[in-house]
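Please look over the sequence and the model below before reading on. The text then goes from the whole chain to single elements and residues.

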Amino acid sequence: MRADLVPDGLWERVAPLLPPVAERRHRYPGRLRVPDRAALAGVMYVLRTGVAWRDVPAETVGCSGVTAWRRLRDWTEAGVWPRLHAALLAELRQADLLDLDDCAIDGSHVRALRGDHVGPSPVDRARPGSKHHVIVDRHGTPLAITLTGGNRHDVTRLLPLLDAVPPIRGLRGRPRRKPQRLYADRGYDYDKYRRRLWKRGIKPMIARRGVAHGSGLGKVRWVVERAFAWLHQFKRLRIRYERRADLHQGFLELACSVICLRRLQQSRRSPGQ
């Protein structure tokens, strides 16, 4: 198995979250089960390279693509990835690496071949596509991510995306779930949603349509664009191949977890930063 696909830091956090495997009580149990770490390596290989499941090199990764897909399916249905992401967010907050006062939100189109949550993309000549909607903190750390069809308006996912942010622990007191200020572009310029944000105790920092550029909001909001660049470094997320929306959502949450882990490890290597 390639050790770079599943480093120790990632495996130590994933292993406790995996569902237990029932022991086989037969005298001749058949082929031995592929270790979970090798199966996770197969999942990470597909996420990073974007290859088809059938093209996963079993002799290099230590797991066939079919086995990796099945394990991804089982772990996604067991809710492993949201719990992994929430645990890493708690570690970041404990290390004082999250700034939840100022958050930014945005959506990004990707080409989709088939499956659920696919719609005609208004920016790609009505070709089938999906949208990634993400909310990030002041540093660009993804707090929550959702998937919709390519024809869904960004503003319709504003409140659901806020609700998708997990209770972020790590410090004494109540866990944090909402920012003080939320930055967004002109696609979210609706007074109806501004009022809803105020009711939640969130100050909307949304650019106005029909107003010349230069509001200064981009000085804070640019981190969400960088977060999309980080996500799309995982080639499997550039084009949606999964027919099942929950599996693509699992890939998104796993990628967010890897981004959080990288930030945590970088801060420990550079304590003076």
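This is a predicted model: local features need pLDDT of at least 70, side-chain atom pairs count only at pLDDT 80 or more; totals for chains, interfaces and linings use all residues.

Residues are numbered from 1 along each chain as its sequence is written, and side-chain values use heavy atoms, with hydrogens and water left out.

The chain holds nine helices and seven strands. Helices (H or I, at least four residues) and strands (E, at least two) are DSSP runs, numbered from the N terminus. A compact globule of 273 residues would have a radius of gyration near 19 Å, and the chain, with 20 Å, agrees with that. This radius is taken over C-alpha atoms, and the globule rule is 2.2 Å times the number of residues to the power 0.38. Along the principal axes, the C-alpha atoms fill a box of roughly 70 × 50 × 30 Å.

How much of the chain is buried? Of its 273 residues, 48% count as buried. Buried means under 20% relative accessible area, exposed over 50%, and partly exposed in between (1.4 Å probe, protein chains only). The chain exposes about 14,300 Å², of which carbon and sulfur atoms supply 49%; accessible areas come from the Shrake-Rupley method with a 1.4 Å probe, and for residues only the protein chains shown count as cover. Contact means heavy atoms within 4.5 Å. Among contacts between residues at least 6 apart in sequence, 67% join residues at least 24 apart.

The chain has 53 positive and 27 negative charges, and their mean positions are 2 Å apart. Lys and Arg count as positive and Asp and Glu as negative, with His and the chain ends not counted. The place of a charge is NZ of Lys, CZ of Arg, CG of Asp or CD of Glu.

Next come the helices, starting with α2. Helix α2 covers residues 36–49, and its 14 residues should span 20 Å at 1.5 Å a residue; its end C-alpha atoms are 20 Å apart, which agrees. The expected span of a helix is 1.5 Å times one less than its number of residues. Because 11 of its 14 residues are buried, α2 is largely enclosed by the rest of the structure. The buried residues include the run from Leu 40, Ala 41 and Gly 42 through Val 43, Met 44 and Tyr 45. They pack against α1 (8–14), α3 (58–61), α4 (65–77), α5 (80–94) and α9 (245–269). Just after α2, Gly 50 takes a positive phi of about 80°.

Helix α5 is one of the elements that α2 packs against. The 15 residues of α5 should span 21 Å, and its end C-alpha atoms are 21 Å apart, which agrees. Among its buried residues are Val 80, Trp 81, Leu 84, His 85, Leu 88 and Leu 89. An α-helix has 3.6 residues a turn, so residues three or four places apart point the same way. The cover over the buried residues of α5 includes α1, α2, α4, β4 (142–149) and α9. Ala 86 is also found in α5, but counts as partly exposed at 21% relative accessibility. After α5 comes Asp 96, whose phi is positive, near 60°.

Helix α9 has 25 residues and reaches 36 Å from its first C-alpha to its last, close to the 36 Å expected. It is mostly covered, with 18 of its 25 residues buried.

Is Ala 104 buried or exposed? Ala 104 lies in β1 and is buried, with a relative accessible area of 0%. Not counting residues up to four places away in sequence, Ala 104 touches Val 134, Ile 135, Val 136, Leu 182, Tyr 183, Arg 221 and Val 224. His 109 is also in β1 but is partly exposed, at 27% relative accessibility. With the sequence limit of four places again applied, the residues touched by His 109 include Ser 121, Pro 122, Val 123 and Gly 150.

Two loop residues complete the tour. His 117 sits in the loop between β1 (102–112) and β2 (119–120), and its phi is near 55°, a positive value in a residue other than glycine. His 117 is partly exposed, at 44%. Arg 125, in the loop between β2 and β3 (128–136), also has a positive phi near 55°. Arg 125 counts as exposed, at 74% relative accessibility.
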